[in-house]
Amino acid sequence: MKYIKYLLVGILFGITLSKAEVISWFRIYEMFKLQSFHMYGVIGSAVAIGVVIMYLFKKGTLRTLKGKEIVVEPKKKGVPRNLFGGIIFGLGWALGGACPGPMYILLGKGVVSILVVLLGAHLGAFLYHAVKHKLPH
């Protein structure tokens, strides 16, 4: 029962992404073909809001609901790792027609074919977990 708030936030998030047409394969297709600004505007807005929130976390202005300070660990720097990860993510997004969050929204909307993409995403996550100790981090 204590996790009901997370379920409600997830449902609200799903409704918001649906209404904004962010989960639409056609919108994603337009974005990758550089035919529409819609998705770039949504992504750009999310990045801008994320920058402001991260600044407030680091400054100590925003805290958890219990009043604890949120500590942001510094990330490892490196253009190759970000470039390679971004390429893999972008290819998966372009081939699957959805990034991870909207996959579940599409399933909830009755798009049964997204199960193939979800299966591949979970298989990839399990495979990464199995070999991550052998990869350079």
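In this predicted model, helices H5 and H6 cross each other in a left-handed way.

**Where H5 meets H6**
- From H5, the contact is made by Met103, Tyr104, Leu106 and Leu107.
- From H6, the residues in the contact are Ile114, Leu115, Val117, Leu118, Ala121 and His122.
- Sorted by class, the contact of H5 with H6 has nine nonpolar residues, one polar residue and no charged ones.

**The chain as a whole**
- How many helices and strands does the chain have? There are six helices and zero strands, which gives the pattern α-α-α-α-α-α along the sequence.
- The C-alpha atoms fill a box of roughly 45 × 40 × 35 Å, taken along the principal axes.
- The chain has 137 residues, and 16% of them count as buried.

**The nonpolar core**
- The largest nonpolar core has 14 residues, and Met39, Trp93 and Ile114 are those with the most contacts inside it.
- Helix H2 (25-32), helix H5 (100-108) and helix H6 (114-131) each supply at least two residues of this core.
- The largest share of the core comes from H5, with three residues.
- Leaving aside its neighbours within four places in sequence, Trp93 is in contact with Ile28, Met31, Phe32, Met39, Ile43, Ala98 and Cys99.
- Is Trp93 buried or exposed? Its relative accessible area is 14%, and buried means under 20%, so Trp93 counts as buried.

**Aromatic rings**
- A pair of aromatic rings is described by the distance of the centres and the angle of the planes.
- A search of the whole structure finds five aromatic pairs.
- One of them joins Tyr3 and Tyr6, a tilted pair with 6.1 Å centre to centre and 35° between the planes.
- Both partners are exposed: Tyr3 has 56% relative accessibility, and Tyr6 has a relative accessible area of 54%.
- Phe89 and Trp93 make another tilted pair, with ring centres 6.0 Å apart and planes at 55°.
- These two residues both lie in helix H4 (residues 79-96), four residues apart, which is about one turn of the helix.
- Phe89 is partly exposed, with a relative accessible area of 42%, while Trp93 is buried.
- Trp25, Phe26 and Tyr29 form one aromatic cluster.

**Two residues with a positive phi**
- Most residues other than glycine have a negative phi.
- Glu21 has a positive phi, near 60°, and is not a glycine.
- Where is Glu21? Its place is in the loop between helix H1 (4-19) and H2, and at 37% relative accessibility Glu21 counts as partly exposed.
- Leu34 also has a positive phi, of about 55°, although it is not a glycine.
- Leu34 is found in the loop between H2 and helix H3 (38-59).
- Why does Leu34 count as exposed? Its relative accessible area is 67%, and exposed means over 50%, so Leu34 falls in that class.

Key. Residues numbered from 1 in each chain as written. Predicted model: local features only at pLDDT ≥ 70, side-chain atom pairs only at ≥ 80, totals over all residues. Heavy atoms only, no water. Core = buried A, V, L, I, M, F, W, Y, C linked by side-chain atoms within 4.5 Å. Buried < 20%, exposed > 50% of the residue type's maximum accessible area, 1.4 Å probe, protein only. Contact = heavy atoms within 4.5 Å. Phe/Tyr/Trp six-rings, centres within 6.5 Å; stacked < 30°, edge-to-face > 60°. Left-handed = near helix turned anticlockwise from the far one by under 90°. Nonpolar A, V, L, I, M, F, W, Y, C, P; charged D, E, K, R; others polar.
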